[in-house]
Amino acid sequence: MLSSLQKVADSADKASKALFDELFGCGADSAVRGQEELKVGPCEDFVDVGEGKRHQGRLPQPGSVAKGIDETMLDSSVRRGIVVQLRPRPCLYLAGRELVLQSDDSEDLDAEPQKRVICGICYKSNCVPARACVIDCGACGGRNLAGDDTGVRVRCYNCGVSNLAEPGAGCISCSACKAVVAVPSDEDAARGGA
């Protein structure tokens, strides 16, 4: 029933939408928007560590190779993630020469700095407060751990596809050619891959 009501609101002109808003008091614009899409403000991008190397030595254990995410396959839209657990705010902070006790009265999560979390199930981007540590995806509802470190971008040595991986991953399997790629560390990338 709600989808047929949204179709009617989509096809209505401005006068009809104003009447709809006046009658039902819920805002025709909010009825028209199905999935909430956010414009993310300043958001930290992925750390580019350059081209990965062919894995040398024994093959790693199957559980230790992370699955790379093809960056071109990511959806460009950003959804609002559902915060399940937040890290506590620091109670005391230094303001000038005074130690100030921060009150927990205003819990306005929209006013806090935001970060982008990619769902590990559907690969959709979610916007959540920076203090969030466990979230539910706004698209599929899957539970995700949201760490503090920025994800890494590594290019496959075999096919050249840019893969995204969790920070600290030693090896990934390329999303395109399935080659095992050794992820260079941030220090190696800063030195030019030496």
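1. Burial and overall content. Of the 194 residues of the protein chain in this predicted model, 29% count as buried. The accessible surface comes to about 12800 Å², and carbon and sulfur atoms account for 53% of that area. The secondary structure consists of four helices and 16 strands. Among contacts between residues at least 6 apart in sequence, 55% join residues at least 24 apart.

2. Confidence. The mean pLDDT of the protein chain is 75, with 69% of the residues at 70 or more. Where pLDDT is low, the predicted coordinates should not be read in detail.

3. Nonpolar cores. The largest nonpolar core has eleven residues in all: Val49, Val152, Val154, Cys156, Val161, Ala165, Ala169, Ile172, Cys174, Val181 and Val183. Another core, of five residues, lies apart from it and includes Val117, Val128, Ala132 and Ile135.

4. Salt bridge between arginine 153 and glutamate 71. The count of salt bridges comes to three. In one of them, the side chains of arginine 153 and glutamate 71 meet at 2.8 Å, N to O. This pair links distant parts of the chain, 82 residues apart: arginine 153 belongs to strand β13 (residues 152-155), whereas glutamate 71 is in the loop between β4 (69-70) and β5 (78-80). With a relative accessible area of 13%, arginine 153 is under the 20% cut-off and is therefore buried. Glutamate 71, at 24% relative accessibility, counts as partly exposed.

5. Salt bridge between aspartate 148 and arginine 87. Here the side chains meet at 3.0 Å, N to O. Aspartate 148 lies in the loop between β12 (143-145) and β13, and arginine 87 in the loop between β6 (82-86) and β7, so the pair ties together parts that are 61 residues apart in sequence. Aspartate 148 is exposed, its relative accessible area being 56%, while arginine 87 is partly exposed at 29%.

6. Salt bridge between arginine 143 and aspartate 136. The closest N and O atoms of this pair are 2.8 Å apart.

7. Nonpolar surface patch. Leu92, Leu94, Leu99 and Leu101 form a nonpolar patch on the surface, and together they have about 470 Å² of accessible area. The elements that give two or more residues to the patch are β7 (92-95) and β8 (98-101). Leucine 92, found in strand β7, has a relative accessibility of 47% and so counts as partly exposed.

8. Backbone angles to inspect. Most residues other than glycine have a negative phi. Tyrosine 123, which is not a glycine, has a positive phi of about 60°. Its place is the loop between β9 (114-118) and β10 (125-129), and tyrosine 123 counts as partly exposed at 25% relative accessibility. Lysine 178 likewise has a positive phi, near 65°. This lysine 178 lies in the loop between β15 (171-173) and β16 (180-182) and is exposed, with a relative accessible area of 55%.

9. How far apart in space are serine 76 and serine 125, C-alpha to C-alpha? The distance is 7.7 Å, although the two residues are 49 residues apart in sequence. Serine 76 is placed in the loop between β4 and β5, and at 72% relative accessibility serine 76 counts as exposed. The loop between β4 and β5 also holds glutamate 71, the partner of arginine 153 in point 4.

How values were computed:
Residues are numbered from 1 along each chain as its sequence is written. This is a predicted model: local features need pLDDT of at least 70, side-chain atom pairs count only at pLDDT 80 or more; totals for chains, interfaces and linings use all residues. Side-chain values use heavy atoms; hydrogens and water are left out. Patches are made of residues with over 30% relative accessible area and no salt bridge: like charges are joined within 9 Å, nonpolar side chains (Val, Leu, Ile, Met, Phe, Trp, Tyr) within 5 Å. Accessible areas come from the Shrake-Rupley method with a 1.4 Å probe; for residues, only the protein chains shown count as cover. A salt bridge is a side-chain nitrogen of Lys or Arg within 4 Å of a carboxyl oxygen of Asp or Glu. Buried means under 20% relative accessible area, exposed over 50%, partly exposed in between (1.4 Å probe, protein chains only). A nonpolar core is a set of buried Ala, Val, Leu, Ile, Met, Phe, Trp, Tyr and Cys residues joined through side-chain atoms within 4.5 Å. Contact means heavy atoms within 4.5 Å. pLDDT is the predictor's confidence in each residue, from 0 to 100.
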